[in-house]
Amino acid sequence: MRCMEIVPGGRMVLTVAGRKSKDVLNAGGTTILFELLSQGLRTLVAEGRVAKEKLDSFNIPFYCPSADELKQLVQQCKLLDISDIQLFEIDGNAMDDSEQAVGISATHTVGQSMSASLRAAMESLIESHFGEGIREELFTVFARNFTSYIESEVEKNSITVITLCLQAKH
């Protein structure tokens with residue numbers, strides 16, 4: 001529907017969590033974000049900040065498309081052309097040697113950044129179900145959980161991000 005808002009010849013950049021695999025059940029490391037968000041919600045339930053019934057009735061409608069699926073959808077739309085498509089991998093290696101040398105807490109920064117990104121995508125859904133009262137605390141807990149995950153010795157799968165540059169047809 002966003003293509004209706006673009007003037008003829010105008011452009012739009014769309015960035016989505018995606019997957020490399022053709023297997024719809026294999027979204028790689030992208031699912032860890034939702035596991036960590038769920039962990040944060042369970043923490044708030046344990047602290048009495050969220051009712052267990054609210055958590056039990058919460059559902060996140062989430063699907064990670066492949067680049068091929070996105071291309072197909074744009075072609076079916078017939079109102080847009082793809083001028084560029086890129087697939088990026090965000091890996092679990094948060095620190096490089098230069099960051100370690102100057103003592104920057106890169107894992108903390110990555111945790112905050114990932115929390116802000118997830119918040120931008122999920123905040124309205126979470127607020128509509130749980131109310132505004134848990135917003136700040138939930139994403140703070142998520143950032144802490146994500147930072148701990150990055151710092152852990154657990155083998156990490158990369159998170160796939162697909163960016164499409166779309167142009168409205170004349």
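A salt bridge is a side-chain nitrogen of Lys or Arg within 4 Å of a carboxyl oxygen of Asp or Glu. The structure examined here is a predicted model. Glutamate 136 and arginine 135 form such a bridge, with their closest N and O atoms 3.8 Å apart. The pair counts as a salt bridge because 3.8 Å falls within the 4 Å limit. Both partners are partly exposed. Glutamate 136 has a relative accessibility of 47%, and arginine 135 has a relative accessible area of 23%.

By the same rule, the count comes to ten salt bridges. Side chains of opposite charge can pair when their charged atoms come close.

In one, the side chains of arginine 49 and glutamate 137 meet, at 2.4 Å from N to O. Arginine 49 sits in the loop between α1 (30-46) and α2 (52-56), while glutamate 137 is in helix α6, residues 135-151. The two residues are 88 residues apart. Arginine 49 is partly exposed, at 40% relative accessible area. Glutamate 137 is also partly exposed, at 26% relative accessibility.

The other bridge pairs lysine 169 with aspartate 81, at 3.6 Å from N to O. Lysine 169 lies in the segment after β3 (159-168), and aspartate 81 lies in strand β2, residues 80-90, so the bridge ties together parts that are 88 residues apart in sequence. Lysine 169 counts as partly exposed, with 36% relative accessibility. Aspartate 81 is partly exposed as well, at a relative accessible area of 39%.

The surface also carries a nonpolar patch. Met1, Met4 and Leu79 form this patch, and together they have about 400 Å² of accessible area. Methionine 1 is found in the segment before β1 (11-18). The relative accessible area of methionine 1 is 82%. Methionine 1 is therefore classed as exposed, since the cut-off for that class is over 50%. A patch residue needs over 30% relative accessible area and no salt bridge, so methionine 1, at 82%, passes the area requirement.

Note on methods
Residues are numbered from 1 along each chain as its sequence is written. This is a predicted model: local features need pLDDT of at least 70, side-chain atom pairs count only at pLDDT 80 or more; totals for chains, interfaces and linings use all residues. Side-chain values use heavy atoms; hydrogens and water are left out. Patches are made of residues with over 30% relative accessible area and no salt bridge: like charges are joined within 9 Å, nonpolar side chains (Val, Leu, Ile, Met, Phe, Trp, Tyr) within 5 Å. Accessible areas come from the Shrake-Rupley method with a 1.4 Å probe; for residues, only the protein chains shown count as cover. Helices (H or I, at least four residues) and strands (E, at least two) are DSSP runs, numbered from the N terminus. Buried means under 20% relative accessible area, exposed over 50%, partly exposed in between (1.4 Å probe, protein chains only).
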